[in-house]
Amino acid sequence: MVPELLLCMGLGCAGALSPTCLSAQFSRPGDYILGGLFPFGKDTVNLTARSEPTLLVCERLFLDGLVWALGMKFAIDEINNSTSLLPGVTLGYDMYDTCFEPLVALQPSLLFLTRNGTTGIGILCNSTDCQPRVTAVIGPHKSDLCLVTAKPFSSFLIPQVSYAASSEKLSNAQLYPSFYRTVPSDKNLVEAVVLLLNRFGWNWIATIASDDEYGQGAQELFLSTAGNNNICIAFEGLIPTDLSEPNAKKQLEDTINLINKTKVNIIVLFAFNLPAQALLEQSIRMGLSKKVWIGTKAWMLSDIPTSVPNIQSIGTVLGFVMKAGTVPGFQRYVADLFTSVQQDEFCQESRELSRLMNTDVLGTHCEECDHISLGDLSFLLSIIQVQPVHVAVYSVAYALHRALGCTPKACPKAPIRSWQLLQFMDTLPFEVNGQSFRFDQSHSTNTGYKLIFWSWKNGSLTNLPVGDYEQTLHIDESQIQFHTPDQKEPTSECFRHCKPGQVRRIKGFHLCCYDCTDCPENTFWSSEDSSSCSPCPQHQWAPARSTRCYERSERFLFWDEPLAIALLALMSITVLLTCLAALLFLRNLQTPLVRAAGGERTLFALLCLALLSLSCCLHVGRPSGTLCAVQGVVYALCLNGCFSTFLIKTLEITLVTEFPRRAPSLLRWVTHRRSWLLVASCLLTQGLLCLCHLHLGPAYLVPDYKSLPTEVLLVCHTRSWGAFALLHGYNSCLALVCFLGTFMVQTLGKRYNLARGITLATLIYFVVWIFFVAVFASLRTVLRAVSKVATTLMISLGILGTYYLPKCYIILFKPEMNTVDCFQNSIQEEPEEDSANRQ
């Protein structure tokens, strides 16, 4: 580094009041010539006006390109003065202007391809033997220029080393086998930017790029990488590179309006300094609120801060610049050179050396360079990264050193073809100023990046390093002071990161803008930031906002749950009352009341009624396929045994009331022992129907996964409703016959009406079944089993309470009614008396 005092002295003495010979410094002969492509000028004036293939002219001088060219000159002079790298061999150079235009860059590129000592390109000769004008090429700086020049250079396998082109397209070693660069590719830059955005939680951003290869390529990479890292792009825009275009201003205005419309606080800008400067100036003029601008090396280190008025109002500026060290002695070298180019003797010698390179082929290299002073470059010398140019020259020098087989003392001046350098550039590392460099598989040197923060203090800018990136990002957030009203980190979120158990719900027109919603029951969150919940398998369940599924527990009517205990208690009471009634009837079997009620048949009916009540136990506990099939069969047979006794009594009453004349001859078939044949036939018929039911489609066990959220409900499912109708329809028919045969029967005087009990019992049966069918159809839980148990108990209690318990009451509390007078002829005509007399 040059001390400040030395620079000040240089500035004072180098104020170029008269033209210098700086333009003659960019061409020198040597044993091996290196071509140089640098942007000395900008703003081509006759690009569209040409009607003949004349040389293109640039209007204004671009000082950055001049500094880079001086960096190449310094490196070559340094190598020529070295006693170890290429001892005894001199490097020459021939530098030309690219003027930011591919057409301009192509002209010197074609010159470099000409055969050494001629002006003709060796297309017709053997390319292996032809020696082109230059051994290697340094530059150009822009990616779109490199994409043009790299094709002819790669065709002839001439090494080309760029010091600034970062497009990922150039990483394709198959398309551009001889292209190298001493900067990382845009892929590394984009990864660093994405990590920065994620670090601060900024996921609602705008990205703007210059309308050129660098801007479009970097933006394309950024969009694909950002989408994979949950970063939402509010909009993507392009800004013109040619600001003289008629619609350039309108494009800039539209871009600022879009920023306002989307209300983003973070803007990622991939552009060179001129388009970036135009955008920032337009944002200031339109009063854009303070934003966070994330920049790149292409404009972060330019002269924008000093050339744009009120630049501090744009907000916070963060950006990545390539890690590049200083080049020792460069600033002193430039200061000395500006002193020398004002000396006639030095200038005369320079022009003589330049003529040896046949410079009249393309004219003066940098005509306007003769009219600048060291003061014009003072600021740029401290901010422009010259090391990439320096390293590019040294990479070729080291390859030439190895190709020639140099020793520490001497190098043979052997003829070397350009393509012979490639194998040495691909393999061994090389060292420049104590730092090691090496080209990777994509022919790039990934030296990493520094995160720079524009720090303003008292109106002066400091490029403050606040972090670095080498595969991982490290940031010292304490040094970053955001330019917001509260000096706090701004937020720019279209969405928030969903928590475990939540998924995205898209909102608006941007697919990456969403709210977070909890996964509903029986679904689970399967992957980070998933857009949908995965359903659980049917044998598993999950609560809302779950990250996994759980096994379902079985649900049925447990023995120990309160409802089951209550029903079992009611069943026990029913069975107990039934047994007590049977004992009471057994003790009073020969009394008129019991004999009129059916005698021994009442004991059988009470036994069936007790078994019917006990069948409720089949519905409690874990069901099985066998239990499901048996439940209906046991219910039907037990109920049929009770209704068959009612049928006999109903037939007896019907014969007496409806057919009094034929009753004496027919009653013998429904009374006494012959009545058991009718009971047996009823049971046999019901048994056959039960067999048909089991054959056609018995009830079977079904696991119900839908009725309960966390459990699997084990239910008995009806396979065939036809079989179900056969099973229960016969008992319903018996009950209907009993009801129709008894509900109109009247008694005379104070005689007991036996028919009334049958009527009420069958009526209760029908009422209970109607309610059962209506309720059972609407139940989907364990209450289905409860409804079956309750129905069975209600029918049992209904029959017991309407037919048997009134008779028990008479036996116990009204013994005076248990007489022949009350129960003989208790209907209009009682045949029992005649039968008894006959006996």
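Predicted model: local features only at pLDDT ≥ 70, side-chain atom pairs only at ≥ 80, totals over all residues.
Rings of Phe, Tyr and Trp count as a pair if their centres lie within 6.5 Å.

**Entry: the chain as a whole**

I began with the overall tallies. The chain has 839 residues, and 52% of them count as buried. I looked up the secondary structure too, and found 26 helices and 27 strands. Then I checked contacts between residues at least 6 apart in sequence: 70% of these join residues at least 24 apart.

**Entry: aromatic rings**

I searched the whole structure for aromatic pairs and got 35. One of them is Tyr765 with Trp769, a tilted pair with 6.4 Å from centre to centre and 55° between the planes. I looked up where these two sit: both are in helix 23 (residues 754-778), four residues apart, about one turn of the helix. Are they buried or exposed? Tyr765 has 1% relative accessibility, so I put it down as buried. Trp769 has a relative accessible area of 14%, and buried means under 20%, so Trp769 is buried as well.

Next I turned to Tyr803 and Tyr804. Their ring centres are 4.9 Å apart with the planes at 85°, and over 60 degrees counts as edge-to-face, so that is what I called this pair. Tyr803 and Tyr804 are both buried. Lys807 lies over the face of Tyr803, 3.9 Å from the ring centre.

Which cluster do these rings belong to? I found Tyr765, Trp769, Tyr803 and Tyr804 in one aromatic cluster, along with Phe585, Tyr635, Phe643, Phe646, Phe724, Phe766 and Phe772.

**Entry: helix 3**

I checked the length of helix 3 (residues 102-113). With 12 residues at 1.5 Å a residue it should span 16 Å, and its end C-alpha atoms are 16 Å apart, so the two agree. I then listed its buried residues: Val104, Ala105, Pro108, Ser109, Leu111, Phe112 and Leu113. What do they pack against? I noted strand 2 (32-38), strand 3 (41-44), strand 5 (91-97), strand 6 (136-138) and helix 4 (143-155).

**Entry: nonpolar cores**

The largest nonpolar core has 72 residues, and the ones touching the most other members are Leu22, Phe26, Phe38, Leu70, Met72 and Leu86. Helix 14 (residues 387-404) gives the most to this core, with 11 residues. I followed up on Leu22. Leaving out residues up to four places away in sequence, Leu22 touches Leu66, Leu70, Leu337, Phe338, Val341, Cys369, Asp370 and Ile372.

**Entry: two hairpins**

Strand 16 (residues 449-457) pairs with strand 17 (residues 460-470) in the antiparallel sense, over nine bridges. Across that pairing, Ser455 stands opposite Thr462 of strand 17. The two strands form a hairpin with two residues between them, and Asn458 in the turn has a positive phi of about 55°.

How many bridges join strand 17 to strand 18? I got four, and these strands also run antiparallel. Asp468 has His474 in strand 18 as its bridge partner. This hairpin has one residue between the strands, and I noted that Gln471 takes a positive phi near 70°.

Technical notes:
Residues numbered from 1 in each chain as written. Heavy atoms only, no water. Phe/Tyr/Trp six-rings, centres within 6.5 Å; stacked < 30°, edge-to-face > 60°. Buried < 20%, exposed > 50% of the residue type's maximum accessible area, 1.4 Å probe, protein only. Lys NZ or Arg CZ within 6 Å of the ring centre and 35° of its normal. Expected span 1.5 Å × (residues − 1). Contact = heavy atoms within 4.5 Å. Core = buried A, V, L, I, M, F, W, Y, C linked by side-chain atoms within 4.5 Å. Pairing = 2+ DSSP bridges.
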